[in-house]
Amino acid sequence: MNASPFSSLSDGHQCLQALVGAWRGEEEVAATQWTDAGAATSEVLSEAEFGGLFVVQRYRQRRDGTVSFGAHNVFGFDQQNGLVTMHQFDSMGFVPMSPATGTWNGSELALERSSPRGAARMAYSFDGTDAYRMKLQFKPAGSDAWQDMVSGLYRRASPSSINGF
């Protein structure tokens with residue numbers, strides 16, 4: 001199977017390449033029904049797959065030196081609908097009914113997903129090529145109020161410094 005070279009990717013697929021790389025983050029976790037408030041660190045390793053058509057992201061969060069949450073995200077671009085998609089599989093164990101979808105607005109990628117438990121929205125804001133900010137919010141089913149869950153600043157790191165995925 002031949003993979004498409006990056007230069008032949010659509011603009012939407014090329015935008016996804018901003019996620020590629022190794023990243024270390026400092027996070028603030030809000031108190032939720034799943035966890036207490038506090039600081040966390042994270043490691044993110046994102047790789048382009050199938051010639052850049054998808055970006056597979058592995059995420060690991062640590063609190064007090066222990067892995068507290070992990071996720072594998074698969075980002076793609078739905079050319080027909082002009083939407084970025086993100087399928088997330090995480091250590092909470094919920095099977096995603098559908099992907100989060102969203103769009104780029106300049107250097108910010110905003111995604112949203114709904115399930116019977118509620119809605120989640122994520123924003124990735126890139127500060128150049130070596131840093132980005134992420135914010136995750138949740139709105140429980142039946143509520144109109146968004147709750148902060150996690151926000152963080154992630155800086156590019158050496159891939160060899162991130163081990164154990």
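The dialogue below walks through how to read several features of this structure.

Me: Before we start, what kind of model is this?

Reply: This is a predicted model, in which local features need pLDDT of at least 70, side-chain atom pairs count only at pLDDT 80 or more, and totals for chains, interfaces and linings use all residues. Residues are numbered from 1 along each chain as its sequence is written, and side-chain values use heavy atoms, with hydrogens and water left out.

Me: Good to know. Which way do the strands pair in the barrel, and how many strands does the barrel hold?

Reply: Strands here are DSSP runs of E with at least two residues, helices are runs of H or I with at least four, and both are numbered from the N terminus. Two strands pair if DSSP finds at least two bridges between them. In this model, 10 strands form a closed barrel in the order β1-β2-β3-β4-β5-β6-β7-β8-β9-β10, with antiparallel pairing. From one strand to the next, the twist averages 25°; axes are lines fitted to C-alpha atoms (for helices over the stretch in contact), and angles run from 0 to 180 degrees between N-to-C directions.

Me: Over how many bridges do β6 and β7 pair?

Reply: Five bridges join β6 to strand β7 (residues 108–115) in the antiparallel sense. One detail to look up: Asn105 has Glu108, in β7, as its bridge partner.

Me: Now the aromatic rings. How many aromatic pairs does the structure hold?

Reply: The general idea first: a pair of aromatic rings is described by the distance of the centres and the angle of the planes. Rings of Phe, Tyr and Trp (its six-membered ring) pair if their centres lie within 6.5 Å; planes under 30 degrees apart count as stacked, over 60 as edge-to-face and the rest as tilted. The structure holds nine such pairs. Among them is the tilted pair of Trp104 and Phe126, with 5.9 Å centre to centre and 35° between the planes. This pair links distant parts of the chain, since Trp104 is in strand β6 (residues 100–105) and Phe126 is in strand β8 (residues 118–126), 22 residues apart.

Me: Why does Phe126 count as buried?

Reply: Buried means under 20% relative accessible area, exposed means over 50%, and partly exposed is in between (1.4 Å probe, protein chains only). Phe126 counts as buried because its relative accessibility is 9%. Another pair, Tyr132 and Tyr154, is stacked, at 4.8 Å centre to centre and 15° between the planes. Tyr132 is in strand β9 (residues 131–140) and Tyr154 in strand β10 (residues 147–157), 22 residues apart, and the pair links these distant parts of the chain. Tyr132 and Tyr154 are both buried.

Me: Which residues form one aromatic cluster?

Reply: The cluster is made of Trp23, Phe75, Trp104, Tyr124, Phe126, Tyr132 and Tyr154.

Me: How do I read phi?

Reply: Most residues other than glycine have a negative phi. Phe50 has a positive phi near 55° and lies in the loop between β2 (38–49) and β3 (54–63). Phe50 is partly exposed, at 47% relative accessible area. Asp64 also has a positive phi, about 55°, and sits in the loop between β3 and β4 (66–78). At 82% relative accessibility, Asp64 is exposed.

Me: And how many salt bridges are there?

Reply: Side chains of opposite charge can pair when their charged atoms come close. A salt bridge is a side-chain nitrogen of Lys or Arg within 4 Å of a carboxyl oxygen of Asp or Glu. A search of the whole structure finds six. In one of them, Arg60 meets Glu43 at 2.5 Å, N to O, and the pair links strand β3, which holds Arg60, with strand β2, which holds Glu43, 17 residues apart. Arg60 is buried at 10% relative accessible area, and Glu43 is buried at 11%.

Me: Which residue forms a salt bridge with Arg58?

Reply: The partner is Glu47, with the closest N and O atoms 3.4 Å apart. Arg58 lies in strand β3 and Glu47 in strand β2, so this pair ties together parts 11 residues apart in sequence. Arg58 is buried at 19% relative accessibility, whereas Glu47 is partly exposed at 35%.
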